[in-house]
Amino acid sequence: MNDPKNEKIPYSLNSRKVASATREWLHKRGVKLEEIAELVMFLQNKYYPDLTMQECLDNVEKVLAKREVQNAVLTGIQLDVLAEEGKLISPLQEMLVNDEGLYGVDEILAFSIVNVYGSIGFTNYGYIDKLKPGILERLNDKSTGETNTFLDDIVGAIAAAASSRIAHRKQAEREHQHEGTEPELPED
């Protein structure tokens with residue numbers, strides 16, 4: 001007969017715990033949400049001169065509230081940490097520590113974030129990934145001894161997705177003003 005005390009409890013996702021861990025790990029890895037918001041401002045202020053840092057930060061927060069984003073953040077950071085600790089199999093270990101140019105899985109993971117708010121995110125991501133402004137420059141600095149092969153792309157992708165979210169919402173607001181109707185804002 002089975003002892004009820006020994007029965008395994010089925011796994012159940014705790015969404016609050018995942019969201020909290022996502023923010024905690026970004027913080028542990030030295031990423032401030034305000035720095036991601038600065039990237040959003042960098043991408044969008046040309047198109048929306050009245051855009052505020054608070055709007056940028058609010059949109060970063062909305063992106064980070066998405067479960068698929070949280071999954072990508074936690075997965076990428078875990079791989080970076082394991083690479084820093086030398087715990088990956090070779091040759092993957094060497095590819096991640098050296099941020100091998102022909103290794104593209106870091107960008108593929110970032111695309112799962114970029115896609116959350118439509119294809120405009122790809123353009124934003126490609127642009128910011130090439131220029132590497134702000135925190136992206138620091139995350140790409142190989143002299144620190146940190147491995148951020150995934151994290152730099154993840155941070156750029158979060159900024160690109162937040163920028164896309166802003167673009168979609170601003171367009172809806174423009175249409176509302178022009179038509180005099182209630183804005184139909186895209187879902188979060």
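D99 is buried, with a relative accessible area of 17%, a value that falls under the 20% limit for that class. In this predicted model, D99 is found in the loop between helix 5 and helix 6. The backbone of D99 has a positive phi of about 45°, although D99 is not a glycine. Most residues other than glycine have a negative phi, and most peptide bonds are trans.

D99 also takes part in a salt bridge with K142, in which the closest N and O atoms are 3.3 Å apart. K142 lies in the loop between helix 8 (135-139) and helix 9 (151-179), whereas D99 lies in the loop between helix 5 (92-97) and helix 6 (105-114), so the pair ties together parts that are 43 residues apart in sequence.

D99 and K142 both belong to the lining of the largest cavity. The structure holds 1 cavity of 30 Å³ or more, and the volume of the largest cavity is about 50 Å³. Its lining comprises L96, V97, N98 and D99, together with L139, D141, K142, E146, T147, N148 and T149. By residue class, this lining divides into 3 nonpolar, 4 polar and 4 charged residues. Rolling a probe the size of a water molecule over the atoms shows where empty space is left.

**Salt bridges**

The count of salt bridges comes to 8.

| Salt bridge | N to O distance |
|---|---|
| R23 and E61 | 2.4 Å |
| D129 and K132 | 2.8 Å |
| K142 and D99 | 3.3 Å |

R23 and E61 join through their side chains at 2.4 Å, N to O. R23 lies in helix 1 (residues 15-28) and E61 in helix 3 (residues 53-64), so this pair ties together parts that are 38 residues apart in sequence. R23 counts as partly exposed, at 33% relative accessibility. E61 is likewise partly exposed, with a relative accessible area of 28%.

The side chain of K132 meets that of D129 in a salt bridge of 2.8 Å, N to O. K132 lies in the loop between helix 7 and helix 8. A positive phi of about 50° is found at K132, although this residue is not a glycine. At 25% relative accessibility, K132 counts as partly exposed.

**Aromatic pairs**

The structure holds 4 aromatic pairs. One of them is formed by F42 and Y127, which are stacked, with 6.1 Å centre to centre and 15° between the planes. This pair links distant parts of the chain: F42 belongs to helix 2 (residues 33-44) and Y127 to helix 7 (residues 120-131), and the two are 85 residues apart. F42 is partly exposed, with a relative accessible area of 35%, and Y127 also counts as partly exposed, at 47% relative accessibility.

F111 and Y125 form an edge-to-face pair, at 5.7 Å centre to centre and with 85° between the planes. Here too the pair links distant parts of the chain, with F111 in helix 6 and Y125 in helix 7, 14 residues apart. F111 counts as partly exposed at 30% relative accessibility, whereas Y125 is buried, with a relative accessible area of 3%. Ring pairs also bring in F122, linking F111, F122 and Y125 into a cluster.

**Charges over rings**

Two lysines are placed over aromatic faces. K28 lies over the face of W25, at 4.2 Å from the ring centre. K170 lies over the face of Y48, at 6.0 Å from the ring centre.

**A cis peptide bond**

The backbone has a further feature at P91. The peptide bond from S90 to P91 is cis, with omega near 10°. P91 is found in the loop between helix 4 (67-84) and helix 5.

Notes: Residues numbered from 1 in each chain as written. Predicted model: local features only at pLDDT ≥ 70, side-chain atom pairs only at ≥ 80, totals over all residues. Heavy atoms only, no water. 1 Å grid on protein atoms, 1.4 Å probe; cavity = no way out; pocket = protein on both sides within 12 Å on 5 of 7 lines; lining within 4 Å. Points joined across faces, edges and corners; volume = space filled by probe spheres on them. Nonpolar A, V, L, I, M, F, W, Y, C, P; charged D, E, K, R; others polar. Salt bridge = Lys/Arg side-chain N within 4 Å of Asp/Glu carboxyl O. Helix = DSSP H or I, 4+ residues; strand = E, 2+ residues; numbered from the N terminus. Buried < 20%, exposed > 50% of the residue type's maximum accessible area, 1.4 Å probe, protein only. Phe/Tyr/Trp six-rings, centres within 6.5 Å; stacked < 30°, edge-to-face > 60°. Lys NZ or Arg CZ within 6 Å of the ring centre and 35° of its normal.
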